[in-house]
Amino acid sequence: MLKSDLIAILVAKRQLTQKQAELTIETIFESMKAALCGGDNIEIRGLGAFHVKNYQGYNGRNPKTGEVIPVKPKRGILFRTGKELRDRVNRGHAPQKQQQVAPPKSETGTA
C-alpha cells in the first residue's frame with residue numbers, strides 16, 4: 001500500500017477533498033517522524049509499536065582488505081506488530097491441512 005492509496009481511501013470513505021486527505025496523511029507522518037527523531041516511541045493500539053534503538057559503535061573489518069574500520073554509534077527503528085494484528089494476519093493465511101492421497105497404482109497391478 002502506498003501513501004497515495006491511503007489518501008484515496010480517505011477521499012472515498014470520509015468524503016474529504018484530495019487536498020484535505022493529503023494534508024491529513026502528511027500531518028500524521030510528519031508527527032510520527034518528529035517523534036521518532038526525538039527519540040520517542042510510538043504505540044498504535046491494534047497495529048503495533050515503533051521503537052528507537054540505540055546501537056553502540058564498534059570496530060568492524062573491511063572484508064576485502066581486513067583493515068579495521070571504526071563504526072560510529074547509530075540509532076535504528078524497530079517495528080513490532082501488536083497481538084491483534086499478528087493474529088488477524090495469521091488467521092487469514094492459516095496453513096490448510098493436506099489430505100493424504102494414496103499413491104497411484106500401476107496399470108499392471110504391481111507396485
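The following legends describe close-up views of a predicted model. Local features are given only where pLDDT is at least 70, side-chain atom pairs count only at pLDDT 80 or more, and totals for chains, interfaces and linings use all residues. Residues are numbered from 1 along each chain as its sequence is written, and side-chain values use heavy atoms, with hydrogens and water left out.

**View 1. The open sheet of β1, β2 and β5.** Three strands form an open sheet in the order β1-β2-β5, with antiparallel pairing. Helices (H or I, at least four residues) and strands (E, at least two) are DSSP runs numbered from the N terminus, and two strands pair if DSSP finds at least two bridges between them. The edge strands, β1 (42-44) and β5 (74-81), each pair on one side only. Neighbouring strands of this sheet are turned by 20° against each other on average, direction ignored. Strands of a sheet pair through backbone hydrogen bonds, either parallel or antiparallel.

**View 2. Bridge partners within the sheet.** Strand β2 (residues 48-55) pairs with β5 over eight bridges in the antiparallel sense, and V52 stands opposite I77 in β5. The antiparallel pairing of β1 and β2 has three bridges. F50 of β2 is the bridge partner of I42, and F79 in β5 is the bridge partner of F50. Three residues lie between the strands in the hairpin of β1 and β2, where G46 takes a positive phi near 85°.

**View 3. The hairpin of β3 and β4.** Strand β3 (residues 58-61) and strand β4 (residues 68-71) pair in the antiparallel sense over four bridges. Within this pair, G60 stands opposite I69 in β4. The hairpin has six residues between the strands, and G66 takes a positive phi near 80°.

**View 4. Helix α2 on the sheet.** Helix α2 (residues 18-37) lies across β1, β2 and β5, where contact means heavy atoms within 4.5 Å. The helix runs at about 135° to β1. Axes are lines fitted to C-alpha atoms, for helices over the stretch in contact, and angles run from 0 to 180 degrees between N-to-C directions.

View 5. Helix α1 (residues 3-14) has 12 residues and reaches 16 Å from its first C-alpha to its last, close to the 16 Å expected at 1.5 Å a residue; the expected span is 1.5 Å times one less than the number of residues. Just after α1, Q15 takes a positive phi of about 50°. The axes of α1 and α2 come within 9 Å and cross at roughly 125°. The two helices are therefore oblique to each other: angles under 35 degrees count as roughly parallel, over 145 as roughly antiparallel, 65 to 115 as roughly perpendicular and the rest as oblique. Residues in the contact include L6, I7 and L10 of α1 and A21, I25 and F29 of α2.
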